[in-house]
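Thank you all for making the time this morning.

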Amino acid sequence: MTIKELYKLYQEHPCITTDSRDCPEGSIFLALRGDRFDGNQFALKALGQGCAYAIVDDPAVSCAAAPPLQERLILVDDSLQTFKDLACEHRRQFQIPVIGITGTNGKTTTKELVATVLSQKYNVLYTQGNFNNDVGVPKTLLRLTKDHDIAVIEMGASHPGDIRTLAETAEPTCGLITNVGRAHLEGFGSFRNVVKTKGELYDFLGRRGESLVFINADNERLTDILPDTVWVAPYSTNPENAGDCTTGEVIACDPFLRFRWRESDSNLEDRGEEPQWYEVQTQLIGSYNIDNMLAAIAVGLNFGVAPADINRALAAYKPSNNRSQLTVTERNRLVVDAYNANPTSMRAALENFRLMDGSPKMAILGMMGELGKSSRKEHQKIVDFIGEIGLDEVWLVGAEFQAIDCPYRKFADVEEVKAAILANQPQGYHILIKGSNSTRLYQLPELL
């Protein structure tokens with residue numbers, strides 16, 4: 001069965017499930033494989049629970065099925081690739097702008113901000129949560145309907161080639177790379193490969209032609225790999241770039257970011273307007289979030305969202321995903337950034353925490369995952385940086401921190417931290433909670 005034939009079948013049964021415990025009547029079951037599971041083993045069960053068809057990539061499943069069920073089994077070479085091809089075919093039915101967003105840090109926040117801004121004028125499809133991998137992106141694309149005006153697709157990567165594959169699936173018309181940093185080094189092998197992989201989004205857009213890139217003009221790593229064949233909508237925090245860029249500057253971060261921004265001189269001149277500054281009080285912690293804000297502004301302006309609507313959207317956005325959240329409890333004031341951590345984001349979070357008003361200050365930091373051979377070195381750098389900023393108390397969580405000689409309190413895992421919190425009952429602290437999701441530090445706020 002060709003992809004076009006399979007897509008015609010999908011149009012008759014427009015619901016795909018990858019979970020045999022969730023089989024809506026008339027849906028199509030897609031058997032995916034993982035390191036610890038094989039969906040092929042549940043294909044017949046899915047048919048029995050209401051699925052009209054099942055897509056499998058194990059010939060043994062089809063051979064073992066009785067003749068009536070065999071007709072409802074669709075054998076393919078690779079179920080995951082078929083899923084991506086099917087999602088791409090669906091995406092091609094819609095002649096709308098598709099914005100691909102990737103980057104080491106800030107891509108999920110930027111995606112949320114971009115979607116929030118665009119929603120002031122359009123019906124926007126955007127990635128839910130962090131469904132940004134080779135399963136999540138197809139799921140998002142298959143949610144596209146004729147009611148959507150624009151799509152914002154987040155793309156994550158942990159190995160070379162990942163962004164190329166996702167771009168070929170989503171076929172974006174616009175792109176945005178937030179930044180590149182030292183993350184997932186175990187999978188990438190080197191920082192050079194991180195840059196190359198993120199740049200695969202630019203590569204796709206460059207080959208596509210007539211594509212638009214929203215770019216941080218201050219980031220040389222990004223400007224150096226930008227193709228000559230794309231249109232550019234730049235943004236910057238450097239006032240010297242006001243001629244060609246949407247520019248902005250931090251006003252305060254106490255603790256929430258307040259900033260001001262203005263449109264580029266060139267755009268204003270084209271419309272015969274005078275420069276005007278707009279001030280926005282956000283609900284995000286961290287001066288580093290100004291880059292994410294400016295990215296969303298640049299996107300909004302390009303798609304005709306009025307400045308007043310942009311400002312309203314940015315001011316109203318409140319994070320709810322353990323990213324840059326402020327939580328005030330009866331005993332402490334918490335800065336919760338416990339969804340992800342790598343050397344770049346960890347240092348930025350610590351630097352911002354250092355600049356925040358309030359004392360005493362305490363940091364509970366979880367180890368950073370997937371750094372490969374660089375892990376010990378990168379964790380040592382963070383410990384050294386902690387010594388420079390002079391926090392009142394520091395708790396380090398995870399095996400990588402255990403091996404480092406330092407004066408800070410160490411814990412094997414989050415369960416040990418929980419026990420220490422219950423025993424010590426920290427009170428009156430300003431506490432930064434930052435770590436990779438795998439360290440589960442997101443469980444701590446309710447105890448503090």
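This is a predicted model: local features need pLDDT of at least 70, side-chain atom pairs count only at pLDDT 80 or more; totals for chains, interfaces and linings use all residues.

**Sheets, helices and a cavity**

Let me begin with the nine strands that form an open sheet of mixed pairing, in which the order runs E6-E7-E5-E8-E9-E10-E11-E12-E13. The edges are taken by strand E6, residues 124-126, and strand E13, residues 278-285, and because each has a single partner strand, one side of each is left without a neighbour in the sheet. On average, and with direction ignored, neighbouring strands here are turned by 20° against each other.

Strand E9, residues 212-216, pairs with E10 in the parallel sense over five bridges, and as one example valine 213 has valine 232 in E10 as its bridge partner. Strand E10, residues 231-236, also pairs in the parallel sense with strand E11, residues 246-253, in this case over two bridges. There, tyrosine 235 stands opposite threonine 246 in E11, while serine 236 has threonine 247 as its bridge partner in that strand.

Helix H10, residues 191-198, packs against helix H11, residues 200-208, at an angle of about 35°, and their axes are 4 Å apart. H10 contributes Lys196, Thr197 and Lys198 to the contact, and H11 contributes Glu200, Leu201 and Tyr202, which gives a division into two nonpolar, one polar and three charged residues.

Now to the other sheet I want to show. Six strands form an open sheet, again described as mixed in its pairing, in the order E14-E15-E19-E16-E17-E18. Strand E14, at 325-328, and strand E18, at 409-411, are the edge strands, each pairing on one side only, and neighbouring strands are turned by 20° against each other on average, direction ignored. E14 and E15 pair in the antiparallel sense over four bridges, with leucine 326 standing opposite valine 335 in E15.

Which strands does H16 lie across? It lies across E15, strand E16 (361-366) and strand E19 (430-434), and it runs at about 175° to E19. H16 also packs with helix H17, residues 375-389, at an angle of about 10°, with the axes 11 Å apart, and that angle makes H16 roughly parallel to H17. On the H16 side the contact involves Pro343, Met346, Arg347, Leu350, Glu351 and Arg354, which meet Glu378, Ile382, Phe385, Ile386 and Ile389 in H17. Those residues divide into seven nonpolar, no polar and four charged.

That brings me to the cavity. The count comes to one cavity of 30 Å³ or more, and about 40 Å³ of space lies in the largest cavity. Its lining is made by Ile285, Tyr288, Val335, Asp337, Ala349, Asn352, Phe353, Met356 and Leu432, and those residues divide into seven nonpolar, one polar and one charged. Which elements each supply at least two residues of that lining? They are strand E15, at 333-337, and helix H16, at 343-355, and H16 gives the most, with three residues. Val335, which we met opposite leucine 326, is one of the residues that line this cavity.

Methods
Residues are numbered from 1 along each chain as its sequence is written. Side-chain values use heavy atoms; hydrogens and water are left out. On a 1 Å grid over the protein atoms alone, a cavity is a set of points where a 1.4 Å probe fits but cannot get out, and a pocket is an open set with protein on both sides within 12 Å along at least five of seven lines; lining residues have an atom within 4 Å of a point. Grid points are joined across faces, edges and corners, and a volume is the space filled by probe spheres set on the points. Ala, Val, Leu, Ile, Met, Phe, Trp, Tyr, Cys and Pro count as nonpolar, Asp, Glu, Lys and Arg as charged, and the others, Gly among them, as polar. Two strands pair if DSSP finds at least two bridges between them. Axes are lines fitted to C-alpha atoms, for helices over the stretch in contact, and angles run from 0 to 180 degrees between N-to-C directions. Angles under 35 degrees count as roughly parallel, over 145 as roughly antiparallel, 65 to 115 as roughly perpendicular and the rest as oblique. Contact means heavy atoms within 4.5 Å.
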